[in-house]
Amino acid sequence: MTILREVITVKRPVDEAFAYVADFTTTIEWDATALKAVKVTPGAIAVGTRFLVTCAMPVGSIDIEYTVAELEIPNRIVLSGKSKLFDIEDTITFATVSGGTKINYQAEFKFGPLVGSLSGMMQSGLDKMGRESLAGLKKALNNRFPAPKYDGAANVADRLIIPKLARFTRHGYTRGRKHWNPISADLRGKHMLITGASTGLGHASALELARRGAELTLVMRNPIKAKAVKAEILRETGNENVAIEIADLSLLAHVDALAERLLSAGRPIDVLVNNAGALYNERLETSEGLEASFALLLASPYRLTLALKPLLQAAGRARVINVVSGGMYSQKLSVKNLVSDTSDGYSGSVAYAKAKRALMVVTRHWASAWRGDGIAVNAMHPGWADTPGVQTSLPLFHAITRFALRSPAEGADTIVWMAAATEASKLSGQLLLDREPQTLYLLRGTQEAPAERKKLLQFMEDFAPVDAPNDAAQKQAHAG
Ligand SMILES: NC(=O)c1ccc[n+]([C@@H]2O[C@H](COP(=O)([O-])OP(=O)(O)OC[C@H]3O[C@@H](n4cnc5c(N)ncnc54)[C@H](OP(=O)(O)O)[C@@H]3O)[C@@H](O)[C@H]2O)c1
């Protein structure tokens, strides 16, 4: 038998340190040997919860199946692990000390007969691994990371279209994650509102943020899907703090009614994720007479965010996350052409990209205008992720790129980071991909003039109230 013991002290309250470690999937963020860590059983962490952790060992990678054997929240957790080469028992205790928490970590290895004879030789390697892992845990829990900056090397790549587009694929995610810092922020009590949480990126973000303890309000248009998502989140994460709001966000009357309900409930919003979206291959008009891409992708998040500003302000340091698209790189802002008036020459991808480009401009405007209000406003684009939206709107693109696409969780990772990471609150006015600020323009000639930005902001500000939809439609048609 080989026993490793390490003791660290971290500057975090005991319940936060415990919650982070007890969800053993976080080993991927702090254990230098962990290659993959997944929770196998659904529900809140409890005795019997199982995790599968794949570790890099000198003999190659091995899978360790851990089961929570004992749990005394927030002071002690015992995990028993089984693998082909050894059994392991991790006993982790947490005690409040002045200024933080003392964590005592003991790992007891029982090697099988094949490896047993070598265990003495392996002791020093195991000791080193133990020390490095606990140093990683200390770093994760002390949670002092700088905000990422737009970097010059990436800037060179920005001028090379193909490498830039390659980063939209799963390859960009895999490359990015090598440098990422752990997210150990305590999200309990943080109220986050996510639009479009029934599928794709919104759904993946909701699941992950719920797993991390956030209190969610999920906006969906389909009550049946909404009920199923709420039940799924409870089943998978044990998080009971999930509220549902039903709204068709392409209808401004629904946006207004949603905002009114939220305002009258008066619950501060720490994070607003404007994620709902769709690419309409055929020109559609909403029942309010608005072109659907414009309505859903720009007018709706614009109106919702403005209406919810008092609740964002009330949260103290709130974050708005606007989900845009790499597709916006193809378009220059043009207020005149923001809305397609007729089906003639209508292109779904162009209408989509123009609306996303405009939302990026609005994001930057709010970021600077709301600096004094304690609201950080950023945009992100997920790269290319395999979601129902991509499958149905872009079937050819999906068929060609299928194997290179990110999973919804990989596409949603930056949303989760922007909502959860402490250092992300230091950013405002940025466009992010894979947790890194990105260039706003990729193609020559797509940079708008300041006057065009001003025109957009004026147009959006003047946008007709929803009780006069015809005026709104007229304004659209005569924009610019
Ligand atoms: N996937 C990608 O590669 C990619 C790339 C760039 C940008 N994006 C952006 O990422 C966001 C999420 O897209 P996704 O790929 O996850 O698409 P998705 O799987 O189609 O999910 C879109 C979500 O938006 C909701 N939604 C659509 N129209 C709505 C409406 N009128 N009212 C309320 N909710 C509505 C959908 O609800 P229903 O289930 O009821 O339809 C769904 O929950 C979008 O803003 C999209 O533009 C995605």
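**Strand pairing and helix packing in a predicted model**

Me: What makes strand 6 (residues 86-97) and strand 7 (residues 100-111) a pair?
Reply: They are joined in the antiparallel sense over 12 bridges, and two strands pair if DSSP finds at least two bridges between them. Strands are DSSP runs of E with at least two residues, helices are runs of H or I with at least four, and both are numbered from the N terminus. F86 stands opposite F111 in strand 7.

Me: What is the basis for these values?
Reply: This is a predicted model, in which local features need pLDDT of at least 70 and side-chain atom pairs count only at pLDDT 80 or more, while totals for chains, interfaces and linings use all residues. Residues are numbered from 1 along each chain as its sequence is written, and side-chain values use heavy atoms, leaving out hydrogens and water.

Me: Why do strand 1 (2-10) and strand 2 (34-39) stand at the edges?
Reply: The open sheet of seven strands has the order 1-7-6-5-4-3-2. Strand 1 and strand 2 each have a single partner strand, so one side of each is left without a neighbour in the sheet.

Me: Why is helix 11 called roughly parallel to helix 13?
Reply: Helix 11 (residues 292-307) and helix 13 (residues 348-369) pack at an angle of about 15°, taken between N-to-C directions on a range from 0 to 180 degrees, with axes fitted to C-alpha atoms over the stretch in contact. Angles under 35 degrees count as roughly parallel, over 145 as roughly antiparallel, 65 to 115 as roughly perpendicular and the rest as oblique. Helix 11 is therefore roughly parallel to helix 13.
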